Amino acid sequence: MTIQTHTPADVPAKNTQTPSPALLGAPSPNKGKDGRGATTVADGVVAKIAGIAIQEIPGVHALGGGAARALGNLREKVGQKDLTQGVSVEVGQTQVAVDVTLVVEYPHPLQEVADNARDAVYTAIEDLVGMEVTEVNVTITDIHVPSEDAGADDAEREPRVA
């Protein structure tokens, strides 16, 4: 989990009145630099944002390695899609590091898909979470060839030889 705070320059003052004496004596742990409160973002939220951003990239077939994809296919059949599959994050106080495992559609250029996925993660996390992304490591574990899906149609085809 991470805690993000705003500086007084980021947030305009809404109330310039002196707080009540009861509030002055109350302990205020972790209220942030400006004293208005702290925001906590769970690691899973950051991973989900990265996963959603990557799925929109052309050429990305799936996220995760073989076992994760098999488990993900089972989840999808029961109506539960894991948007964090294939994404792991390390979240600090102000920075995030992301590791992504994905499968690329053939014939998309692998480096181009990896670069686009990396850019999407940087943009999504920095814009939506407001934290600095230090690195996005992309691992491509497989290439999806569209003819692999046609295996179910092979039974319906006529044999090529008699």
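## A walk through the chain

The protein chain has four helices and six strands; helices (H or I, at least four residues) and strands (E, at least two) are DSSP runs, numbered from the N terminus. This is a predicted model, in which local features need pLDDT of at least 70 and side-chain atom pairs count only at pLDDT 80 or more, while totals for chains, interfaces and linings use all residues. Residues are numbered from 1 along each chain as its sequence is written, and side-chain values use heavy atoms, with hydrogens and water left out.

Let us begin with the overall plan. Starting at the N terminus, the order of elements is β-α-β-α-β-α-β-β-α-β. The protein chain has 162 residues, and 27% of them count as buried; here buried means under 20% relative accessible area, exposed over 50%, and partly exposed in between, using a 1.4 Å probe and protein chains only. Among contacts in the protein chain with a separation of 6 or more, 75% are between residues 24 or more positions apart, where contact means heavy atoms within 4.5 Å. The accessible surface is about 10700 Å², with 51% of it belonging to carbon and sulfur atoms; these areas come from the Shrake-Rupley method with a 1.4 Å probe, and for residues only the protein chains shown count as cover.

Now turn to strand β4, residues 87-91. Val87, Val89 and Val91 form its covered face, whereas Ser88 and Glu90 form the uncovered one. A hairpin of three residues leads from β4 to β5. These two strands pair in the antiparallel sense over five bridges (two strands pair if DSSP finds at least two bridges between them), and Ser88 stands opposite Asp99 in β5.

Strand β5 also holds Gln95, which is partly exposed with a relative accessible area of 36%. Not counting residues up to four places away in sequence, Gln95 touches Glu90, Met131, Glu132 and Thr134. Gln95 and Met131 are 36 residues apart along the chain, yet their C-alpha atoms are separated by 5.5 Å.

On its other pairing, β5 runs parallel to strand β6 (residues 132-144), and eleven bridges join them. Thr101 stands opposite Thr139 in β6. Together, β5, α4 and β6 make a right-handed β-α-β unit; right-handed means that, with the strands pointing away from the viewer, the path from the first strand over the helix to the second runs clockwise.

For comparison, most peptide bonds are trans.

A search of the whole structure finds one salt bridge, defined as a side-chain nitrogen of Lys or Arg within 4 Å of a carboxyl oxygen of Asp or Glu. Asp115 forms it with Arg118, the closest N and O atoms being 3.0 Å apart. Why can such side chains pair? Side chains of opposite charge can do so when their charged atoms come close. Asp115 and Arg118 are three residues apart in helix α4, so about one helical turn separates them. Asp115 is partly exposed at 32% relative accessible area, and Arg118 is partly exposed at 22%.
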